[in-house]
Amino acid sequence: MFSIALCFLAGILSLNLCSDLPGQLTYVVFAVLAAASWLSRRLRYAVICRALTIVVFGICWAQLHASHYLARVLPETLAGTDLLVTGRIDDIPVTNANVQRFFVDIDRFEDDQYERPLPKRIKLSWYDGEPVRAGETWRFNVRLKPPHGFLNPGGFDYEAWLMQNGVHATGYVRNGEVNRKLTTAAAYDSAAMRQHIAERVSTLLGDSAFTGLITALAVGDRSAIEQDQWQVLINSGTNHLMAISGLHIGLAAAFGYWLCRWLVPVRLMYWIPAQHAAMLGALAFALIYAMLAGFAIPTQRAVLMLICTVGALLLRRRSRPHNVLAFALIIVLLWDPASVLSAGFWFSFLAVAAIFYTLAGPWAQSRWFKWVWLQLVIALSLSPLSLFMFQQTSLVAPLANLIMVPYVSFLVVPMVLIGVLMLPWTTAASGLFFSAAEVLFSYIWPVLQWLAALPYSHWLKAQPGIALTLLALMGVAILLAPGVRLWRAAGVLLLLPAATWQPQVPATGAYELHVLDVGQGLAIVIRTQAHTLVYDTGARFSSSFDSGRAVLLPFLTNKGVDNIDLLLISHGDGDHIGGAASVLQVYPQTPVLGQGIESLNAAHSAYCAAGQRWVWDEVVFTLLHPDDTGYTLSNNRSCVLKVEGQGGSVLIAGDIEKKVERRLLSRHRQALSADILIAPHHGSSTSSSRDFIHAVSPQIVIFAAGYRNRYKFPTAEVAARYTKFGSSMVMTGHSGAVSIDLHPQRGIDGLQRYRDSHRKYWRHVPPKLRQEG
C-alpha cells in the first residue's frame with residue numbers, strides 16, 4: 001500500500017513540474033503500460049511495470065482534473081468585457097473599508113452565446129456596493145479576467161491558490177441598477193449559517209482583541225485576525241492552530257466519540273456495538289465541524305483521513321499505521337490531485353508520518369518520550385519543508401506548541417464549540433462560553449508574544465531548493481531512525497547543506513537589476529557584490545496587504561539579503577511608497593532617501609537631490625533629479641537615478657512627466673544615455689517624449705505596470721514610440737518579475753522574465769506587447 005501511494009504521488013508531482021499539460025498521449029501510454037503490467041504479472045520485471053503504471057495513472061488523473069479546471073478558465077477574449085452573471089454567494093464575504101470580496105458559484109451567464117465552458121466559480125470585489133450575504137443569489141454586472149496574480153521569486157503563488165480553490169476568474173462588480181438580489185439564503189444553507197455564527201460571535205464579544213481568533217476556531221473565517229496577531233502566530237510556529245484541520249477535526253471527533261459512547265441507549269447495543277456507534281458519532285461530529293469550517297481544503301483533507309481511519313476500525317482491519325496513512329494519502333489525492341500544491345498537504349502528512357516513524361523506535365517505551373519529545377520531532381521534521389516553502393521556520397515552535405496545543409485543544413476549542421452548539425437555544429449561555437474562550441486567550445497571549453519577540457524566535461533564510469531540501473529530510477529520517485545511532489552524524493551532515501546554502505552574489509563591478517511584479521506600482525531591487533538598494537516599494541492595498549510585505553520582503557529573503565543599505569523612495573504616491581512601512585518594520589536601521597517620506601518612521605532619512613553620488617563595489621549611483629526648481633506635481637519631484645557599471649547602465653525615471661524630461665535634456669543630455677530604461681510613469685502618455693527616448697537610446701525598456709490596469713499603461717502611443725526606436729519592451733504585469741545581470745565582461749547577461757522561466761500549466765499567459773523582448 002505504501003509503495004502504491006508513493007508511486008501515485010510521484011505521478012501527480014511529475015505533472016506539476018510541467019509547463020504545459022502533456023496531452024492525450026499520456027492516456028495512451030497509461031493504457032499500454034496497464035496492458036503490459038497485466039500480461040507480464042508473472043515475469044521478472046512485473047514490479048517495475050506495475051510501479052510505472054501507477055506513476056502514469058497519477059499523471060493521467062492529475063491531468064484529467066487540471067484539464068477540467070483549465071477548460072473553464074475565462075478566455076482572454078472575454079477579459080474586461082461587461083458580463084451579466086447570476087450566482088450564489090458561496091462563502092462568507094470579507095469587508096474591508098468600502099470594498100467587499102466574495103466568491104460566487106455561477107448558475108448562468110445571461111448572454112451565454114459562447115461555445116466553450118465558462119467559469120463556474122469566480123472571486124469578485126464590489127466597491128461601494130450593497131451588502132451581500134453568504135447563501136444569497138444575486139445578478140451582477142461584472143468585468144472579469146483570467147486568474148492572475150503577482151509572480152516573483154520567493155513570493156506567494158496566487159494563481160496556484162486560485163486553482164486549488166476552483167476559481168476560474170476574478171474581477172469586480174460594476175455599480176448600477178442591474179445588480180440586484182434575487183433570493184435570500186435558504187434556512188439550511190451552510191455558508192449562511194457560518195456567517196450568522198461569525199456575526200453572533202462578533203456581537204457577543206464586542207471589540208475584544210481576540211474576536212478574530214475565536215471566529216477562526218468557530219467557523220474557519222480568519223479574515224478578522226489582526227496582522228500583528230498573525231505575525232505573533234507565525235513567529236511562534238502556532239499559526240496552524242487557527243486553521244481548522246487535522247488537530248481540530250480530531251478533537252471534534254474525540255468529543256463526539258465520548259458523547260456517543262456514554263449516551264448510546266442500551267437497547268441499541270443489541271444491534272450495533274457501543275464502540276462502533278461511538279465511532280459513527282465521532283465521524284458525524286467531525287463532519288458537522290467541517291461544515292462549520294466551510295469544508296475548506298485542509299478540512300476536507302482531515303475529514304478524508306478520519307474516514308479512512310474510522311473505516312479501518314469499523315471493518316476490524318488490523319493495518320499498520322503507515323498503511324492507514326498511505327491509504328488516506330491515496331484517497332486525498334483521488335479526491336483532489338491539486339492538493340499537492342498546498343503547503344498544508346505536505347505539513348499534515350509529514351507531521352503524521354514523523355510521529356508514526358518515531359513511535360516505532362525505542363523512545364516509544366522510554367519515560368522521556370512524551371509530549372516534549374513529540375514536539376521536538378515534529379519541529380525538526382517540518383523545518384526543512386518550512387524553509388523550502390516559506391523561507392522561514394520558527395525556532396521556538398517546540399516550546400510554543402508544547403504549551404499552546406494542549407491549551408487551545410483542551411481548553412479554548414471546547415469553550416468555542418459548546419458556545420456554537422448553544423447558540424440556537426440560549427444566546428446568554430453561548431456568550432458566557434465565548435467569553436471564557438476570550439479570557440483563556442488573554443491569559444496565554446502574553447506568553448506567546450514574549451516567545452515570538454525573542455531575538456531568535458524565527459529564522460529567515462533563502463529557499464534551499466528541492467535537492468537540498470530532500471537531503472535535509474533524509475538527514476532528519478536518519479536522526480530519528482531507531483537503531484542507527486552510529487549514523488546520527490551522517491544525518492547532521494545531510495542537514496548542513498540546506499542550513500548553510502546562500503545564493504550567489506554579483507562579482508566586483510557587476511550588479512543585478514530586479515524590477516518586481518507589484519501590479520500597478522513600482523518596486524526595484526539593485527544588488528552589487530556587498531550592497532543592496534531598494535527603489536520604491538509598490539502599493540498598499542489594505543490594512544493587511546501591501547507590496548512590501550507580500551512581494552519585497554519574500555524576495556529579499558529569497559536572495560539572502562540580510563540588510564538594505566539604502567531605501568530610495570522616488571516620491572510619496574501610494575503606488576511607490578505603499579510598502580515602505582512593512583519593509584522598515586523588518587529592516588528598521590535602513591537609511592531612507594527620497595521625496596514625500598515625511599510619514600515614514602525611519603532611523604535616518606534625507607531628501608534626494610540632483611548631484612548626489614556614491615559608489616558601491618565599483619558600481620556608480622548618481623541622482624539626476626530633482627533639482628532646485630519647485631514643482632507642483634509630486635510626480636515631477638521624483639528621484640531620477642542613473643546606475644552605471646562596466647557591464648551597462650540603467651536609468652530609473654520614477655513618475656516624471658514631459659516637463660521634467662525637457663529639463664533633464666537641457667541639463668543632463670549626455671548623462672541620460674542608458675542601456676536599460678525603467679519607463680517614466682509606467683508608460684503614461686504624459687511621459688516618454690520622443691526627444692527623451694532618443695537621448696536615452698535604451699536597448700530595453702521596462703514598464704512597471706499591472707496586467708489589465710485601469711489606466712491601460714503602457715498606452716498605445718508610448719509603446720509605438722519605443723517600437724519605432726527599436727527598443728525591446730517588457731511589462732512586469734505580463735512577464736512577472738524582470739531580472740537582468742550586468743557583468744563587466746559579458747555586458748547585459750540575459751533578461752529573465754519570471755513568468756516565462758518558471759512556467760507552470762496553471763499560470764496565466766498574458767498577451768505580449770508588440771516588440772516585447
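The legends below describe close-up views of a predicted model.

**View 1. The seven-stranded open sheet.** Seven strands make up this open sheet, in the order E18-E19-E20-E21-E22-E23-E24, and their pairing is mixed. Strand E18 (613–616) and strand E24 (728–731) are the edge strands, each pairing on one side only. Neighbouring strands are turned against each other by 20° on average, with direction ignored. Strands of a sheet pair through backbone hydrogen bonds, either parallel or antiparallel.

**View 2. The hairpin of E18 and E19.** E18 and strand E19 (residues 619–625) run antiparallel and are joined by four bridges. Trp616 stands opposite Val619 in E19. Two residues lie between the strands of this hairpin, and Asp617 takes a positive phi near 50°.

**View 3. E19, its partner E20 and the helix across them.** On E19, pairing with E20 is antiparallel and runs over five bridges. Helix H21 (residues 658–672) lies across E19, strand E20 (640–645) and strand E21 (648–652). The helix runs at about 150° to E19. E19 is mostly covered, with seven of its seven residues buried.

**View 4. The eight-stranded open sheet.** Another open sheet has eight strands in the order E17-E16-E15-E12-E11-E10-E25-E26, again with mixed pairing. Its edge strands are strand E17 (604–607) and strand E26 (747–753), and each of them pairs on one side only. From one strand to the next, the twist averages 15°.

**View 5. E10, E11 and helix H18.** Strand E10 (residues 511–515) and strand E11 (residues 523–527) run antiparallel, joined by four bridges. Val515 has Ile524 in E11 as its bridge partner. Helix H18 (residues 547–558) lies across E10, E11 and strand E12 (532–537). Relative to E12, helix H18 runs at about 165°.

View 6. Ile526 is found in strand E11. Ile526 counts as buried because its relative accessibility is 0%, and the cut-off for buried is under 20%. Apart from neighbours within four places in sequence, Ile526 is in contact with Tyr511, Glu512, Leu513, His531, Thr532, Leu533, Phe621, Val643 and Ile652. Ile740 is 214 residues away from Ile526 along the chain, yet their C-alpha atoms are separated by 9.9 Å.

**View 7. The salt bridge of Asp20 and Arg759.** The structure holds 19 salt bridges, and one of them joins the side chains of Asp20 and Arg759 at 3.5 Å, N to O. Asp20 lies in the loop between helix H1 (2–16) and H2, and Arg759 in the segment after helix H25 (754–757), so the pair ties together parts that are 739 residues apart in sequence. Asp20 counts as partly exposed, at 47% relative accessibility. Arg759 also counts as partly exposed, at 21%. Side chains of opposite charge can pair when their charged atoms come close.

**View 8. The salt bridge of Asp90 and Arg121.** Here the side chains of Asp90 and Arg121 meet in a salt bridge of 2.8 Å, N to O. Asp90 is in the loop between strand E1 (82–89) and strand E2 (94–96), while Arg121 is in strand E4 (residues 121–127), so the pair ties together parts that are 31 residues apart in sequence. Asp90 counts as buried at 18% relative accessibility, and Arg121 is buried with a relative accessible area of 17%.

**View 9. The salt bridge of Glu159 and Arg755.** A salt bridge of 3.0 Å, N to O, joins the side chains of Glu159 and Arg755. Since Glu159 lies in helix H4 (residues 158–164) and Arg755 in helix H25, the pair ties together parts that are 596 residues apart in sequence. Glu159 is buried, with a relative accessible area of 2%, and Arg755 is buried with 3%.

**View 10. A network of salt bridges.** Asp82, Arg143 and Arg174 are linked in this network.

**View 11. A nonpolar patch on the surface.** The patch is formed by Leu25, Val28, Val29 and Val32, which together have about 360 Å² of accessible area. Leu25 lies in helix H2 (residues 25–39). Leu25 is exposed, with a relative accessible area of 59%.

Note on methods: Residues numbered from 1 in each chain as written. Predicted model: local features only at pLDDT ≥ 70, side-chain atom pairs only at ≥ 80, totals over all residues. Heavy atoms only, no water. Patch = residues over 30% accessible without salt bridge, like charges linked within 9 Å, V, L, I, M, F, W, Y side chains within 5 Å. Areas by Shrake-Rupley, 256 points an atom, 1.4 Å probe, with all protein chains shown as cover. Salt bridge = Lys/Arg side-chain N within 4 Å of Asp/Glu carboxyl O. Buried < 20%, exposed > 50% of the residue type's maximum accessible area, 1.4 Å probe, protein only. Pairing = 2+ DSSP bridges. Axes fitted to C-alpha atoms, helices over the stretch in contact; angles between N-to-C directions. Contact = heavy atoms within 4.5 Å.
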